[in-house]
Amino acid sequence: MYKNRDIIARLRENIPSFECVPGCHDCCGPVTTSSEEMSRLPVKTDAEHEAALNDFSCVHLGPNGCTVYGERPLICRLFGTTPKMPCPNDRRPENMVDPDIERQVHHYIANTRQVLV
């Protein structure tokens, strides 16, 4: 678990950020994340999860956007930072994510147990 925490921290540091369109949540659909990342997020009820899935949104999406933005999973951080996962509003960081970091994120996701957020 500690090894995964270190990997997550290193990857987070290497994913550039950018300013989203206020009120946009086009990339906030249901996603999966590792158990390590999930442990950082507030626990939601089964009813909250069901309601979010019915709306095809993330359980942590609030009326003003992501309620866990600072702790959002790696997959959420990757949205808009790579041509493979572009922002639908043409927003992006000044410098896109390094392709090697993107590959490492996908490798981490593929090789860890994923749970629905």
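The legends below describe several close-up views of a predicted model.

**View 1. Helices H1 and H5 where they meet.** Helix H1, made of residues 2-13, and helix H5, made of residues 99-110, have axes that come within 11 Å of each other and cross at roughly 150 degrees. Because an angle over 145 degrees counts as roughly antiparallel, H1 is described as roughly antiparallel to H5. The crossing in which H1 passes H5 is left-handed. On the side of H1, the contact is made by Asn 4, Ile 7, Ile 8, Arg 10 and Leu 11, while H5 contributes Ile 101, Gln 104, Val 105 and Tyr 108.

View 2. A search of the whole structure for disulfides returns 0. Cys 27 takes part in no disulfide, and the nearest cysteine sulfur to that of Cys 27 belongs to Cys 28, at a distance of 4.4 Å. Cys 27 is partly exposed, its relative accessible area being 33%. Cys 58 is likewise in no disulfide, and for Cys 58 the nearest cysteine sulfur is that of Cys 76, 6.1 Å away. Cys 58, with a relative accessible area of 14%, is buried.

**View 3. Phe 56 and Ser 57 in the loop between H3 and S2.** Phe 56 lies in the loop that runs between H3 and S2, and Ser 57 is found in this loop between helix H3 (46-54) and strand S2 (61-62) as well. Phe 56 is exposed, with a relative accessible area of 66%, whereas Ser 57 counts as buried at 16% relative accessibility. The backbone of Phe 56 has a phi near 55 degrees, which is a positive value in a residue other than glycine. Most residues other than glycine have a negative phi. When its neighbours within four places in sequence are left aside, Ser 57 is in contact with Cys 28, Gly 29, Pro 30 and Ala 52.

**View 4. Asp 90 and Thr 81 in the loop between H4 and H5.** The loop between helix H4 (74-78) and H5 holds Asp 90, and Thr 81 is also found in the loop between H4 and H5. Asp 90 has a positive phi of about 60 degrees although it is not a glycine, and at 71% relative accessibility Asp 90 counts as exposed. Thr 81, by contrast, is buried, with a relative accessible area of 0%. Although Thr 81 and Pro 16 are 65 residues apart in sequence, their C-alpha atoms are 6.8 Å apart in space. Not counting residues up to four places away in sequence, Thr 81 touches Ile 15, Pro 16, Phe 18, Pro 93, Met 96 and Val 97.

**View 5. Ile 75 in helix H4 and the residues around it.** Ile 75 is found in helix H4 and, at 15% relative accessibility, counts as buried. The C-alpha atoms of Ile 75 and His 106 are 8.3 Å apart in space, while the two residues are 31 residues apart in sequence. With neighbours within four places in sequence left aside, the residues in contact with Ile 75 are Val 31, Thr 32, Met 85, His 106 and Ile 109.

**View 6. Val 115 in strand S4.** Val 115 has its place in strand S4, which covers residues 114-116. The relative accessible area of Val 115 is 17%, and the residue is therefore buried, since the limit for this class is under 20%. Residues up to four places away in sequence not being counted, Val 115 touches Val 31, Thr 32, Thr 33, Ser 34, Ser 35 and Met 38. Val 31 and Thr 32 are also among the residues in contact with Ile 75. The C-alpha atoms of Val 115 and His 25 are separated by 21 Å, the two residues being 90 residues apart along the chain.

How values were computed. Residues numbered from 1 in each chain as written. Predicted model: local features only at pLDDT ≥ 70, side-chain atom pairs only at ≥ 80, totals over all residues. Heavy atoms only, no water. Disulfide = S-S within 2.5 Å. Buried < 20%, exposed > 50% of the residue type's maximum accessible area, 1.4 Å probe, protein only. Axes fitted to C-alpha atoms, helices over the stretch in contact; angles between N-to-C directions. Helix = DSSP H or I, 4+ residues; strand = E, 2+ residues; numbered from the N terminus. Parallel < 35°, antiparallel > 145°, perpendicular 65-115°, else oblique. Left-handed = near helix turned anticlockwise from the far one by under 90°. Contact = heavy atoms within 4.5 Å.
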